[in-house]
Amino acid sequence: MTERKPAGVSFESWVDKQIRESEQRGDISQLPGFGKPLDSLAAPYDENWWIKQKMQREGVSVLPPVLALRKQVEDVAEAVSGARSEAEVRRMLAEVNEKIHAAIRRPPPGPVLNVQPFDIDAVVDEWRTARESS
């Protein structure tokens, strides 16, 4: 919808034409969520629904940095079992280890971190063993 509205055409009819042409091209049926019910219809009304959805889409956390890092450590520990390759396991662990090391060097405000960096080789060995046994 990059074209401008022609002069002399009402805005409503111009928009209707754009929608009709998009439907005919099949653009609308290719949108994510097409044909699926809206999740929010059964939920009670929340005036901040759009803020919460935006924060979820953008990955914004309202947790203190230490708690967010603890959560990320837990998530990575769980995600390792679903990794498809050793390189992926090492990458995930290295990324979170960098953040842990940074938090140890310069502790963020909030509760004590109380998290140690992953021993990447030990976790990779556990991952291999789990993959071989299944």
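Biologist: Which residues line the second largest pocket?
Modeller: This is a predicted model, and in it the lining of that pocket is made by Val76, Ala77, Val80, Ser81, Leu93, Phe118, Val123, Glu126, Trp127, Ala130, Arg131 and Ser134. Two elements, α3 (65-79) and α5 (120-133), each give two or more residues to this lining.

Biologist: And which element gives the most?
Modeller: That's α5, with five residues in the lining of the second largest pocket.

Biologist: How does that lining divide into nonpolar, polar and charged?
Modeller: Eight residues are nonpolar, two are polar and two are charged.

Biologist: What volume does the second largest pocket have?
Modeller: About 170 Å³. For the largest pocket, the space is about 320 Å³.

Biologist: OK, the largest pocket then. What is it lined by?
Modeller: You'll find Leu38, Asp39, Ser40, Ala43, Pro44, Tyr45, Asp46, Trp49, Gln53 and Arg57 around it. Sorted by class, that lining has five nonpolar, two polar and three charged residues.

Biologist: Let's switch to helices. At what angle do the axes of α3 and α4 cross?
Modeller: Roughly 160 degrees, and the axes come within 10 Å. Helix α4 covers residues 86-105.

Biologist: Are those two roughly parallel or antiparallel, and why?
Modeller: An angle over 145 degrees counts as roughly antiparallel, and α3 and α4 cross at roughly 160 degrees, so they are roughly antiparallel to each other. Their crossing is left-handed.

Biologist: Which residues make the contact?
Modeller: From α3 there are Leu69, Gln72, Val73, Val76 and Ala79, and from α4 there are Met92, Leu93, Val96, Lys99, Ile100 and Ala103. By class, the contact of α3 with α4 has nine nonpolar residues, one polar and one charged.

Biologist: Now α4 and α5. At what angle do they pack?
Modeller: About 145 degrees, and their axes are 10 Å apart.

Biologist: Is that crossing left-handed or right-handed?
Modeller: The crossing of α4 and α5 is right-handed. On the α4 side, the contact uses Glu86, Val89, Arg90, Leu93, Ala94 and Asn97. On the α5 side, Ile120, Asp121, Val123, Val124, Trp127 and Arg128 take part.

Biologist: How many residues of each class does the contact of α4 with α5 have?
Modeller: Seven nonpolar, one polar and four charged. Leu93 ties some of this together: it belongs to the contact of α4 with α5, and it also lines the second largest pocket.

Methods: Residues numbered from 1 in each chain as written. Predicted model: local features only at pLDDT ≥ 70, side-chain atom pairs only at ≥ 80, totals over all residues. Heavy atoms only, no water. 1 Å grid on protein atoms, 1.4 Å probe; cavity = no way out; pocket = protein on both sides within 12 Å on 5 of 7 lines; lining within 4 Å. Points joined across faces, edges and corners; volume = space filled by probe spheres on them. Nonpolar A, V, L, I, M, F, W, Y, C, P; charged D, E, K, R; others polar. Helix = DSSP H or I, 4+ residues; strand = E, 2+ residues; numbered from the N terminus. Axes fitted to C-alpha atoms, helices over the stretch in contact; angles between N-to-C directions. Parallel < 35°, antiparallel > 145°, perpendicular 65-115°, else oblique. Left-handed = near helix turned anticlockwise from the far one by under 90°. Contact = heavy atoms within 4.5 Å.
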